[in-house]
There are 2 protein chains.
Amino acid sequence: SGSSSGAVTRETFRQAVINTLERRLFYLPSFKIYGGFAGFYDNGPPGCAVKSNILSFWRQHFVLEENMLEVDSPCVTPEIVLKASGHVDKFTDLMVKDEKTGTCYRADHLLKDFCKEKLEKDLSISPEKAAELRHVLAVLDDLSSEELGAKIKEYGITAPDTKNSLSDPYPFNLMFQTSIGPSGLSPGYMRPETAQGIFVNFKDLYYYNGNKLPFAAAQIGQAFRNEISPRQGLLRVREFTLAEIEHFVDPEDKSHPKFPEVAKLEFFMFPREQQVSGQSAKKMLLGEAVSKAIVNNETLGYFIGRVYLFLTSLGIDKERLRFRQHLANEMAHYAADCWDAEIECSYGWIECVGIADRSAYDLRAHSEKSAVPLVAHEKFVEPREVEKLVIAPVKKELGLAFKGNQKMVVEALEAMDEKEAMEMRSNLESQGEVEFFVCTLGKNVTINKNMVAIFKEIKKEHQRVFTPSVIEPSFGIGRIMYCLYEHSFYTRPSKAGDEQLNVFLFPPLVAPIKCTVFPLVQNQQYEEVAKQIAKSLTAAGISYKIDMTGTSIGKRYARTDELGVPFAITVDSTTSVTIRERDSKEQIRVNVDEVASVVKEVIDGHSTWADVLWRYPTHSSSAPVDE
Amino acid sequence: SGSSSGAVTRETFRQAVINTLERRLFYLPSFKIYGGFAGFYDNGPPGCAVKSNILSFWRQHFVLEENMLEVDSPCVTPEIVLKASGHVDKFTDLMVKDEKTGTCYRADHLLKDFCKEKLEKDLSISPEKAAELRHVLAVLDDLSSEELGAKIKEYGITAPDTKNSLSDPYPFNLMFQTSIGPSGLSPGYMRPETAQGIFVNFKDLYYYNGNKLPFAAAQIGQAFRNEISPRQGLLRVREFTLAEIEHFVDPEDKSHPKFPEVAKLEFFMFPREQQVSGQSAKKMLLGEAVSKAIVNNETLGYFIGRVYLFLTSLGIDKERLRFRQHLANEMAHYAADCWDAEIECSYGWIECVGIADRSAYDLRAHSEKSAVPLVAHEKFVEPREVEKLVIAPVKKELGLAFKGNQKMVVEALEAMDEKEAMEMRSNLESQGEVEFFVCTLGKNVTINKNMVAIFKEIKKEHQRVFTPSVIEPSFGIGRIMYCLYEHSFYTRPSKAGDEQLNVFLFPPLVAPIKCTVFPLVQNQQYEEVAKQIAKSLTAAGISYKIDMTGTSIGKRYARTDELGVPFAITVDSTTSVTIRERDSKEQIRVNVDEVASVVKEVIDGHSTWADVLWRYPTHSSSAPVDE
């Protein structure tokens with residue numbers, strides 16, 4: 001079928017990319033000499049350079065451009081912090097165990113694999129059965145532990161390696177646990193995200209920002225998830241680099257002054273409604289998405305636009321990038337709205353950036369746990385008159401009536417909300433006394449008119465105190481890198497036509513090395529010129545590689561195309577040299593003393609290749625430098 | 001006494017620095033709202049910027065300049081890797097426990113505190129006793145577990161908080177332990193250094209480098225040490241950033257082609273001999289230290305020189321920086337030589353960079369554990385004739401004589417080194433038989449002439465196979481930062497003379513923000529000019545802060561001096577503005593459209609402040625811009 005041949009093509013393509021990446025040491029399995037460990041990968045030299053370029057650009061594009069406050073907090077995190085955030089209790093996946101060997105599996109993975117294989121390979125199943133399996137796949141993420149267990153039993157699913165029976169599913173916490181200090185009494189975890197390190201610092205950051213909202217804080221760092229059984233190579237790993245922004249904003253004003261700068265961007269968006277009604281993602285103007293309230297607010301919209309610009313500047317293909325809104329069942333109950341930047345690669349659509357309006361959830365959770373109020377203040381220019389409910393228990397009367405229980409009654413009275421209190425007042429007025437349930441006593445008591453005064457008062461307020469909302473763009477740097485590798489990879493025939501050559505089409509911003517310097521032949525004069533050019537490149541701050549080997553020029557080009565080096569400088573005379581552009585293979589001839597500045601101009605984006613192609617003589621293809 | 005008043009001054013100075021650092025959020029105690037956790041600190045916004053500047057410069061100065069291969073490996077490390085490196089068995093500190101409460105202390109800390117306090121406060125002790133205590137302090141680091149325990153008993157040292165008695169000292173492993181995957185069967189640790197992540201990749205990196213030596217690999221990343229009871233604030237923490245280099249080199253050729261570039265540097269060196277003979281560190285020419293074999297080899301010397309240039313470029317005071325050679329008892333048995341870059345701060349001399357020639361130890365350890373040979377090959381241009389020892393046991397004869405023990409005897413014969421073998425040959429020739437100890441049998445056996453042939457053979461060899469030596473410069477980034485803060489801090493009186501103002505004298509390279517833009521007064525025209533200048537600074541890639549508040553210009557200068565901002569641009573007209581240098585407080589007048597390029601010139605180091613001071617009119621101190 002078309003879909004299975006598509007799968008073959010995707011698999012072949014992926015293998016070609018991965019082979020090139022591993023051979024050129026963009027990445028390698030960690031601790032390889034010890035057999036490797038699932039879910040851990042190293043970046044090798046070109047991978048490190050790509051990562052460092054992406055992170056520099058991230059700092060430039062987000063932190064510097066928006067004057068964000070960067071912080072750098074530890075990976076080791078005490079339990080109380082992650083208890084407050086909910087991770088200790090809820091950051092789990094459902095796991096089943098082989099009842100004999102103890103090998104662990106993710107329950108949903110086994111059910112998913114079973115349904116998929118049945119649908120693909122068992123031609124004897126009835127249309128009803130097929131529909132049922134497809135339904136299971138569709139609701140997989142919503143199944144409870146009991147429902148998953150029941151389905152595994154019903155379908156007779158066993159351990160894939162041994163065919164032994166499986167335990168019931170039970171939750172496994174995905175945090176790496178450790179212990180802080182020597183006593184063994186202070187549990188800690190390796191952070192599952194960098195965000196909590198920002199939330200706990202809100203008070204100091206707010207002060208640093210002159211007690212003004214909105215402001216954003218940012219953090220780049222390692223995060224950890226002890227996956228049950230990592231799959232999908234570089235996309236699901238146990239340790240990864242996150243870059244996260246927490247933009248704190250007044251919940252009553254989520255407008256953004258710079259929104260107009262991104263409002264005219266148009267790209268694929270996939271709102272909740274389109275997903276539910278079975279439509280596909282459509283190109284949409286960001287301004288329209290916000291004005292039609294498809295995107296909840298301007299600030300969220302602004303970040304969606306900035307993320308789009310960030311990803312496409314790196315070289316992510318616009319046609320394989322979409323912003324997908326979370327469905328109601330995907331979103332935490334407290335979240336106001338949430339969009340994922342998803343990038344399509346050979347594994348399907350991959351969530352690479354999450355952009356969520358998390359309302360006041362996180363700050364409130366830490367306020368409660370720490371008893372330190374994480375709030376903002378809006379000072380009024382003029383004091384405002386506000387009607388305030390006053391509940392004034394008359395302690396003397398209550399003491400006489402309730403003795404040792406007085407305190408509990410007083411607290412219960414003061415804890416009434418406005419509706420309860422106003423109801424009590426009208427009942428006391430009409431009936432003189434009321435029955436009142438005191439939950440700390442577990443019984444009703446009788447309250448009469450003399451025991452409490454309830455009234456409204458006009459007060460002057462000088463400020464409003466509130467918990468800010470937080471809008472969180474969170475970037476999985478490793479996933480972005482992997483998708484970028486796939487989007488940048490292509491092959492082309494060698495000149496002789498006898499082999500396929502690999503090319504990474506990185507923009508200069510991302511390329512691990514910006515240019516190479518080759519003397520055409522091994523000859524002292526040319527090598528001197530090459531060294532002179534190298535010196536001028538260093539002075540201009542351009543990273544380069546010099547290759548003095550006698551290897552054929554075509555092979556040297558092919559080697560550096562495979563690393564995504566955008567420009568190759570070939571020394572074929574002592575006065576002028578050629579600059580070759582990687583993708584077009586076009587060459588221009590430039591004087592030795594101008595080379596560095598021409599390359600710099602194009603790399604910094606002050607000119608395009610087309611501009612310089614027009615300004616300098618092109619190098620004819622019959623000349624010896626040709627591949 | 002002078003030394004105790006010195007201590008007071010140091011303490012006061014340190015408090016002033018720390019207060020400024022915390023108030024301006026260079027750093028803050030991690031998880032502060034939960035009461036903080038010993039040994040964990042966050043970098044706040046200016047601290048992050050300083051750190052990021054230092055790491056960029058490190059990449060520039062070491063990785064790019066030397067074409068090093070950067071890698072990026074995980075923090076979570078499987079046990080086998082750290083078993084091979086020796087950390088599982090030996091990365092420990094000796095600990096004692098309060099026998100009632102279980103509180104843990106470092107045994108050497110308690111003994112040290114006791115001796116110091118006794119010496120400082122107990123005036124009744126005899127000169128003999130004082131000498132003994134001073135001796136204990138001198139040999140503290142060399143005491144065994146038993147010796148430490150005996151001293152603690154002898155002196156009657158008890159738990160500092162409760163006065164309860166203490167347990168005997170026992171080793172506590174300083175690695176944070178965790179478990180990889182859900183089974184609980186795969187122990188792991190948070191890496192205590194980044195180096196192991198490089199060693200395990202040696203084979204791939206050597207291949208990437210075209211199977212050529214020497215080359216260096218580098219890694220920047222988090223490392224973890226679960227200190228028993230962290231002290232000394234930012235200097236002894238449980239999580240920290242390391243930047244490490246592993247330079248792999250042929251053990252037979254440790255020369256360095258670029259050594260002449262650093263040979264003329266002269267700075268404080270503190271060789272082993274000077275330490276042992278009670279002398280102090282002396283200024284020495286690096287070239288001389290190497291030629292006199294005080295420093296073991298050129299490559300080690302080259303890195304010492306490069307580290308000196310790195311640290312002083314950041315602003316570390318040359319007069320409070322020394323390179324101290326490890327004493328024989330400090331150095332691992334396998335190390336060829338080891339020097340620490342030590343920086344003096346209020347806590348004393350602090351080890352900030354270690355530069356060690358670790359010989360072949362690490363690669364050999366991983367080769368053995370993994371059974372993957374981590375070796376290099378030197379191909380000979382012409383095959384070389386090499387005399388090779390051949391030991392050829394005659395199995396038939398040995399079998400007849402030793403039956404079941406034959407295998408052990410054969411192995412013992414083959415394991416003889418050249419000297420033993422040649423001795424046996426001459427004895428066999430002269431006596432016909434010899435007594436030979438077989439350690440696996442635990443006894444002597446009699447070997448006669450017919451049982452083994454021993455001779456020398458001339459063989460042709462095409463290559464030499466060897467384990468490279470590694471030279472490791474390892475940088476504690478947090479410690480360097482803290483020392484840099486102390487070296488950069490000074491106070492000066494305000495103009496009115498009524499208060500002391502704090503200044504960080506960071507060079508532009510390190511400064512968290514390069515310049516500020518202030519309109520002199522709140523006025524629309526000036527604000528427009530300020531924004532125009534801000535735009536040109538962004539275009540030039542210069543980080544800045546704009547302050548439009550009506551605060552007095554003096555206060556605005558003071559605020560930014562405290563962040564170490566080197567230049568302040570004050571808009572006091574629409575055509576030209578003033579640029580003020582932080583430390584001299586000198587001001588020049590520059591046209592609006594030239595401002596960005598002048599600032600850039602000085603920041604990039606193309607001109608000095610003195611150069612531009614000479615080129616532009618100075619702003620007279622009677623003008624309104626003055627502080």
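# A guided tour of the two-chain model

Begin with both chains in view: 67 residues of chain B are in contact with 67 residues of chain A, contact meaning heavy atoms within 4.5 Å. This is a predicted model, in which local features need pLDDT of at least 70 and side-chain atom pairs count only at pLDDT 80 or more, while totals for chains, interfaces and linings use all residues. Residues are numbered from 1 along each chain as its sequence is written, chains are lettered from A in the order in which they are written, and side-chain values use heavy atoms, with hydrogens and water left out.

**The interface**

Between chain B and chain A an area of about 5800 Å² is buried, 65% of it from carbon and sulfur atoms; buried area is the accessible area (1.4 Å probe) that two parts lose on being put together, summed over both. Select Ile33(B), Tyr34(B) and Tyr208(B), which supply 14% of the area that chain B buries against chain A, more than any other three residues.

Next, display Lys51(B) and Asp72(A), which form a salt bridge with their closest N and O atoms 2.7 Å apart. Helix H2 (residues 45-64) of chain B gives the most to the side of chain B that touches chain A, with six residues. Helices (H or I, at least four residues) and strands (E, at least two) are DSSP runs, numbered from the N terminus.

**Chain A as a whole**

Now hide chain B. Chain A has 21 helices and 28 strands, and its C-alpha atoms fill a box of roughly 110 × 70 × 55 Å, taken along the principal axes. Of its 627 residues, 52% count as buried; buried means under 20% relative accessible area, exposed over 50% and partly exposed in between (1.4 Å probe, protein chains only). Of the contacts in chain A with a separation of 6 or more, 67% are accounted for by residues 24 or more positions apart.

**Aromatic rings**

Over all chains, the structure holds 59 aromatic pairs. Select Phe202(A) and Tyr206(A): their ring centres are 5.4 Å apart and their planes lie at 15 degrees, so the pair is stacked. Rings of Phe, Tyr and Trp (its six-membered ring) pair if their centres lie within 6.5 Å, and planes under 30 degrees apart count as stacked, over 60 as edge-to-face and the rest as tilted. The two residues are four apart in helix H9 (residues 202-208) of chain A, and therefore separated by about one helical turn. Phe202(A) is buried at 0% relative accessibility, and Tyr206(A) is buried at 5%.

Move on to Phe13(A), Phe26(A), Tyr485(A), Phe489(A), Phe504(A) and Phe506(A), which ring pairs link into a cluster. Then centre on Arg464(A), whose charged end sits over the ring of Phe466(A), 4.1 Å from its centre. The rule asks for NZ of Lys or CZ of Arg within 6 Å of the ring centre and within 35 degrees of the ring normal.

Select helix H13 (residues 361-370) of chain A, where Asp362(A), Leu363(A), Ala365(A), His366(A), Ser367(A) and Ser370(A) are buried. The elements of chain A that cover these buried residues include H9, helix H3 (79-84) and strand E21 (469-476). Just after H13(A), Ala371(A) takes a positive phi of about 60 degrees.

**A last stop**

Finish at Gln525(A), in helix H18 (residues 524-539) of chain A. Gln525(A) is exposed, with a relative accessible area of 53%.

Notes: A salt bridge is a side-chain nitrogen of Lys or Arg within 4 Å of a carboxyl oxygen of Asp or Glu.
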